[in-house]
Amino acid sequence: MYYLYIDMKKKCLIILCTLFVAICAALVCTACIPPHRYSENWEYDSAGHWREVVCPHDVEPEKESHSFEGGFCTVCGHYMESANLLYQQYSVRLGVNMVSGYRVYGMSGSDTSEILGIPSEYNGLPVVAVANRALQSYYAKTVIIPDTVIEINTTAFEQCNVLEKIEVQSGNPRYVSQSGILYNAELTDMIHVPKQLRGEIVIADGVTVVDYDAFSSRFSITSVDIPESVTQINGRAFNGCIGLKSVTGCKGVTRVGINAFSNCVALQSISFTEKLHFLGEDAFAYCSSLSRIVIPQSVEYVGTGVLYDCSALEFLAVPVTVGASGSFSQLFNGYLPDNLTMLTLTGEGAVPSRAFSGWISLESVVLSRGITGIEDSAFSRCENLSEVVLPENLKSIGNHAFDECVKLAAVILPSTIESIGDSAFDFSGSDIAQINYNGTKADWVNVDLGLNWYGNVQKMCVKCLDEEVTYTSDNA
């Protein structure tokens, strides 16, 4: 009987242990029956996508095909890889190592997709390069560069006529993209600007040169912000950007090349700092909406036709030294804009002879304090000129300097004036003309006055600080 009891006890213990093991196994298996626990990030290749299983159960991840919409998979985000690219084996240096793989050298057939995606690998090897004029698509608006491509020929995109942006996948050691523009990884060189780049563009801080034709004929650009790192804007850089209305920044620019902004017909204003020293020929030619421009005093060279056919120009500030080697009309190739009413002359020296003679649209002229003389006929025949602001350091006004400026009825002369030439003024548009002189009568009588210096007027009144001096046609 005793042994029977012991035997029964053992059987019960075995049953209990078996039940415990079964329950534990069931619990483990219950945790791993589908749906399993997966990683948050998708893995993918050209064929499909999957997520790694992270629960204890040993199961293979299930691979699904991509579901593309608009060129991108709606599940994992991978881009559609172009199927009609042509490849050739190729090696390229990266640092001290040579990387072997394939280069895209062309396209076969017609690809009507708006997204041209370059694969990261081909035949089990990485795609490492894109050759000269390799991408010939008349439909692609976006080109996607994988992180494996480490060499791109500068003309690779020349046949992509509707291209709006370039996207470089993260992790690429040689290239990055910003605002749809392709740069080197250090953001110091712009490699390619898509032909149909749109909207407001910010050039990456670090770029030092906007190269020849970089943005030429990019019709859909509306504004460009140029960082202080840019020192040169080369020839034709923005030529023909007919939608460009605003250019900001330019704080570090020292040189603007030939035709740099020509034919930017919507550009309304642009400014530079005192770092600028070179303005090439026709730099702003045919900018028919440009209403004002300030050419800094630091400028050492201004080419002919810089403002040619800027028909809307109303305000111009320019160093007096620009006219030292020739007429200021060379700025416009001799064709003066009809709307130019306001002129400010800066810098140091004298206004050259005949510099602005016959500029009939001028209504207001301001001379900065560094200007010490106005040479013969400098503003003669400016028949609409009604206001002139003369600087405190002015010493001489030449013969006929303001002759035939019949709307000029009042002038303030500084006390520093030493001589006024023959027929310097023409106040014939008024019966009584007036000059305010910032000196005493004793100072005024020492001024060397030329023959008929105030023109054909019946009475001229010079108001000195202490009293008036009156001239009539009888005692001129």
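Which residue in S11 does Gly117 stand opposite? It is Ile144. The model behind this is predicted, so local features need pLDDT of at least 70 and side-chain atom pairs count only at pLDDT 80 or more, while totals for chains, interfaces and linings use all residues. Residues are numbered from 1 along each chain as its sequence is written, and side-chain values use heavy atoms, with hydrogens and water left out.

Strands here are DSSP runs (E, at least two residues; helices are H or I, at least four), numbered from the N terminus. Two strands count as paired if DSSP finds at least two bridges between them.

S8 pairs with S11 (residues 142-145) in the parallel sense over 3 bridges, and Leu116 has Val143 in S11 as its bridge partner. On the S13 side, S11 is held by 4 bridges, again running parallel, with Ile145 partnered by Val168 in S13. In a regular strand the side chains alternate between the two faces of the sheet. In S11, Thr142 and Ile144 point one way and Val143 and Ile145 the other, and all are buried. Buried means under 20% relative accessible area, exposed over 50%, and partly exposed in between (1.4 Å probe, protein chains only).

The structure holds 7 salt bridges, each being a side-chain nitrogen of Lys or Arg within 4 Å of a carboxyl oxygen of Asp or Glu. One of them links Glu167 to Lys165, with the closest N and O atoms 3.2 Å apart. Glu167 is partly exposed at 25% relative accessibility, and Lys165 is partly exposed too, at 36%. Another joins the side chains of Arg236 and Asp213 (2.9 Å, N to O). Arg236 sits in the loop between S20 and S21 and Asp213 in the loop between S18 (209-210) and S19 (221-226), so this pair ties together parts that are 23 residues apart in sequence.

The S20-S21 loop has other residues to look at. Asn234 lies in it and is buried, at 8% relative accessibility. The Asn234 side chain makes a polar contact of 3.2 Å with that of Asp211. Such a contact is a pair of N or O atoms within 3.5 Å; within protein, one must be able to donate a hydrogen and the other to accept it, and residues adjacent in sequence count only if both atoms are side-chain atoms. Ser262, in the loop between S22 (255-256) and S23 (269-270), is buried at 1%, and its side chain makes a 2.7 Å polar contact with that of Asn239.

Ile242 also belongs to the loop between S20 (232-233) and S21 (246-249), but is partly exposed at 44%. Together with Phe219 and Val265, Ile242 forms a nonpolar surface patch with about 250 Å² of accessible area. Patches take residues with over 30% relative accessible area and no salt bridge, joining like charges within 9 Å and nonpolar side chains (Val, Leu, Ile, Met, Phe, Trp, Tyr) within 5 Å. Areas come from the Shrake-Rupley method with a 1.4 Å probe; for residues, only the protein chains shown count as cover.
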